[in-house]
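User: I would like to go through the aromatic contacts and pockets of this model. Please set each label against its definition.

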Amino acid sequence: MKTATSTLQRQWFILYIRVKTTMSESKAIYLQKVKFNNISNVLYKIWENEAVSRIELVQLTGLTSGTITNLTHELITYGLIKESEAVSESVGRKRVNLRFDNSRYFIIALDISRTSIGAALSDLSGHIIEKVEYSTEGMGDPEEVLSLVEPFVHKLLKQVVLDNHSIIGIGVSIPGPMDLAAGKLQSPPNFGNWAHYPIRSVLEKKFGRRVIIEDDSRTSALAERWLGISKDGKKGKNIVFVSMGMGIGGGIIHNGHVLRGTNGLYGQIGQMSLMLDAPAAGISPNHGCWEDLASIPGILRRWGNEGDITVFMEEVGEKKPAAVKVWEDTLRMLEAALVTLYNVYDPDVIVLGGKLYPYIAPYIDAVTASVKARVHEFMVDRIRIEPSSYGNEQTLVGAAALVLGNLLDHPQWILEG
């Protein structure tokens with residue numbers, strides 16, 4: 001009887017120790033999660049305000065002054081932020097501001113399009129330090145395309161280590177749709193053999209770094225969110241980015257975050273139907289949609305003559321009737337689409353970019369006036385239609401912004417190695 005009692009006591013003691021250990025581990029995990037959430041909050045506030053004092057961080061985050069002191073000290077130690085200029089608050093007293101430190105951590109950005117591939121080294125402010133770009137016309141094999149930039153990326157990785165700096169990750173801007181969870185493309189139209197290609201795992205194996213992929217229109221929107229429009233003092237957090245070129249795509253930023261939808265198709269604005277009885281064009285499966293009619297291939301198909309978009313626009317400039325009619329219809333489609341976007345998404349700003357935009361730019365004032373005439377009267381003074389901040393580098397900067405945004409959400413990338 002005594003032996004049985006002793007055995008039972010030992011079993012209860014072991015169970016007690018296991019429960020206590022599990023509770024301690026759970027508490028440690030919880031506290032670590034709280035800490036990283038607080039760090040993320042601090043980083044967001046510093047980024048949004050560009051330069052902010054510890055006292056202001058207490059007010060902006062709701063954290064205690066002791067917590068702010070400890071967290072900012074850790075971030076300075078790791079080289080993510082730095083103390084900057086001192087600002088006088090009153091006689092004999094100065095306030096030290098905190099801002100991001102762009103001297104230690106860097107990002108590698110890849111921009112893969114239907115006609116080219118680019119790679120760059122960027123700092124945390126989105127400044128492109130070094131880049132290359134290659135044409136991929138006639139190249140359908142993903143491995144062949146990636147091989148163009150592979151030596152350059154390896155060179156960057158080696159140089160960063162020699163300079164005692166660090167790469168946070170590799171951001172990839174590429175045509176979608178895609179399966180983000182699996183790190184694979186789905187079946188992007190007019191994109192060679194890239195359908196179902198496991199781009200993320202391939203790049204991680206090649207370069208040994210964390211890789212983040214995203215649809216090119218969304219990366220363009222993220223470039224505005226983190227580095228462009230939202231940093232111009234107007235603080236736009238609800239952004240619709242419209243990319244117009246070989247296709248028409250969109251990136252939607254709502255309350256500062258990119259939206260993707262159930263199937264990753266949120267923001268496929270080029271699929272808006274504008275002409276229900278349009279013939280099949282082979283550009284989009286959705287015949288008569290905006291992309292089918294008003295992308296560069298759609299414009300050239302409606303024009304029906306020999307030549308590229310440059311030749312077409314030359315004929316528009318020469319006021320040749322066929323080209324003028326196609327271009328006027330293209331601008332009317334743009335106006336109708338922008339009105340729809342304002343009514344559906346109600347953004348702070350719509351940003352226009354892509355290879356077609358430079359041709360649209362001279363007409364944008366007239367387009368904006370037409371949009372204002374077709375929205376609710378109380379909205380008129382709030383309509384903002386602006387060009388992209390980075391022109392031809394929009395998607396490349398967007399790939400860097402993709403990594404930056406993930407860093408702000410997951411600072412443990414650096415703090416835990």
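User: Which elements each supply at least two residues of the lining of the second largest pocket?

Analyst: Strand S10 (211-215), H7, strand S13 (257-258) and H14 do. H14 gives the most, with 5 residues. Helices (H or I, at least four residues) and strands (E, at least two) are DSSP runs, numbered from the N terminus. This is a predicted model: local features need pLDDT of at least 70, side-chain atom pairs count only at pLDDT 80 or more, and totals for chains, interfaces and linings use all residues. Residues are numbered from 1 along each chain as its sequence is written, and side-chain values use heavy atoms, with hydrogens and water left out.

User: What makes a residue part of a pocket lining?

Analyst: It has an atom within 4 Å of a pocket point. The points lie on a 1 Å grid over the protein atoms alone; a pocket is an open set with protein on both sides within 12 Å along at least five of seven lines. For the second largest pocket, 17 residues qualify, and the closest to its centre are Val258, Arg260, Leu402, Asn406 and Asp409. The volume of this pocket is about 270 Å³, taken as the space filled by probe spheres set on the points.

User: How much space lies in the largest pocket, and which residues are the closest to its centre?

Analyst: About 1,100 Å³. Its lining has 49 residues; Ser113, Asp216, Ser243, Gly354 and Thr395 are the closest to the centre. Elements giving two or more residues include strand S4 (105-112), H7 and helix H14 (394-409).

User: Why is the pair of Tyr44 and Trp226 called tilted?

Analyst: Rings of Phe, Tyr and Trp (its six-membered ring) pair if their centres lie within 6.5 Å; planes under 30 degrees apart count as stacked, over 60 as edge-to-face and the rest as tilted. Tyr44 and Trp226 are 5.5 Å apart, centre to centre, with 55° between the planes, so the pair is tilted. The pair links helix H1 (residues 2-49) to helix H7 (residues 216-226), 182 residues apart.

User: How do you know that the charged end of Arg225 sits over the ring of Trp226?

Analyst: The test asks for NZ of Lys or CZ of Arg within 6 Å of the ring centre and within 35 degrees of the ring normal. Arg225 is 4.2 Å from the centre of the Trp226 ring, so the distance passes. Arg114 lies over the face of Phe191, at 5.9 Å from the ring centre.

Definitions and conventions:
1 Å grid on protein atoms, 1.4 Å probe; cavity = no way out; pocket = protein on both sides within 12 Å on 5 of 7 lines; lining within 4 Å.
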